[in-house]
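Subject: Structure handover

Hello,

Here is the structure I promised to pass on. Please open it first, then read my notes below.

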Amino acid sequence: MGTNVSGNGRRRRRVLSPSQKYEVFLDVTTSDLTQAQVAAKWGIDRSTVKTIMRTAKQGSLDALAAARPGRPGKTAEQVELEDAKAEIERLRATVTEQAVELHLIEGKSRWD
C-alpha cells in the first residue's frame, strides 16, 4: 500500500469499505500484529483501528443480546417495530369497538 502523506507531511484520511474494516478487525484479532502495526499496514491512523475494534465489539454484543435460542435473532429496532404495530392494531380495534357502541347508543342520525 502506498504512502498516504500529503505535501505538508500530514497523513490524508483514508476511507475504508465495510469489508476492509472487517479485514482490519481480522488482522488485529487473528494475527500477531499490534494495532499500531495493522494501522501502518493499512495506511490508517491507530485511532481508526481502535474505533473499528470498538464498533465490532459493540455490534457483536448487540447481535448476541438480540439472539434467542431456537428463533432467528431480531434487532432492538425490529422488536420495537413489532410492538408498535401490535399497539396500533390494539388501538384500532378499540376505536372500532367504541364507534360501533356509539352508533348503537345514539342511533343513525339524519343528515338534514
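Val49 is buried, with a relative accessible area of 0%. Please keep in mind that this is a predicted model. Val49 sits in helix α3, which covers residues 46–66.

What does Val49 touch, once residues up to four places away in sequence are set aside? The list is Val24, Val28, Gln35, Ala39 and Ile44. From Val49 to Ala39, ten residues apart along the chain, the separation is 6.3 Å. From Val49 to Gln35, 14 residues apart along the chain, it is 6.5 Å.

**The chain as a whole**

Now step back. The chain has 112 residues, and buried residues make up 12% of them. It holds four helices and zero strands. Read from the N terminus, the order is α-α-α-α. Take the contacts in the chain with a separation of 6 or more: 36% of them come from residues 24 or more positions apart.

**Where α1 meets α3**

Helix α1 spans residues 18–30. How do the axes of α1 and α3 cross? They come within 10 Å and cross at roughly 90°. An angle from 65 to 115 degrees counts as roughly perpendicular, so α1 is roughly perpendicular to α3.

Which residues form this contact? From α1 come Lys21, Val24, Phe25, Val28 and Thr29. From α3 come Val49, Ile52, Met53 and Ala56. By type, the residues of the contact of α1 with α3 are seven nonpolar, one polar and one charged. An α-helix has 3.6 residues a turn, so residues three or four places apart point the same way.

**Gln35, in α2**

Helix α2 runs over residues 35–42, and Gln35 is found in it. Is Gln35 buried, exposed or partly exposed? Its relative accessible area is 29%, so Gln35 counts as partly exposed. The band for that label lies between 20% and 50%. Leaving out neighbours within four places in sequence, Gln35 is in contact with Val28, Val49, Lys50 and Met53.

**Asp27, in α1**

Asp27 lies in α1. Its relative accessibility is 13%, and buried means under 20%. Asp27 therefore counts as buried. What does its side chain make with the side chain of Lys41? It makes a polar contact, at 3.0 Å. Beyond neighbours within four places in sequence, Asp27 is in contact with Val38, Lys41 and Trp42.

**Arg13, before α1**

Arg13 lies in the segment before α1. Is it buried or exposed? Arg13 is exposed, with a relative accessible area of 82%. The C-alpha atoms of Arg13 and Gly43 are separated by 9.2 Å, and the two residues are 30 apart along the chain.

**Helix α4 and what follows**

Helix α4 takes in residues 76–106, which is 31 residues. Why does its span agree with its residue count? At 1.5 Å a residue, α4 should span 45 Å. Its end C-alpha atoms are 45 Å apart, so the two values agree. Just after α4 comes Gly107, with a positive phi of about 80°.

Best wishes

Note on methods. Residues numbered from 1 in each chain as written. Predicted model: local features only at pLDDT ≥ 70, side-chain atom pairs only at ≥ 80, totals over all residues. Heavy atoms only, no water. Helix = DSSP H or I, 4+ residues; strand = E, 2+ residues; numbered from the N terminus. Buried < 20%, exposed > 50% of the residue type's maximum accessible area, 1.4 Å probe, protein only. Polar contact = N/O pair within 3.5 Å; in protein donor to acceptor, adjacent residues only side chain to side chain. Contact = heavy atoms within 4.5 Å. Expected span 1.5 Å × (residues − 1). Axes fitted to C-alpha atoms, helices over the stretch in contact; angles between N-to-C directions. Parallel < 35°, antiparallel > 145°, perpendicular 65-115°, else oblique. Nonpolar A, V, L, I, M, F, W, Y, C, P; charged D, E, K, R; others polar.
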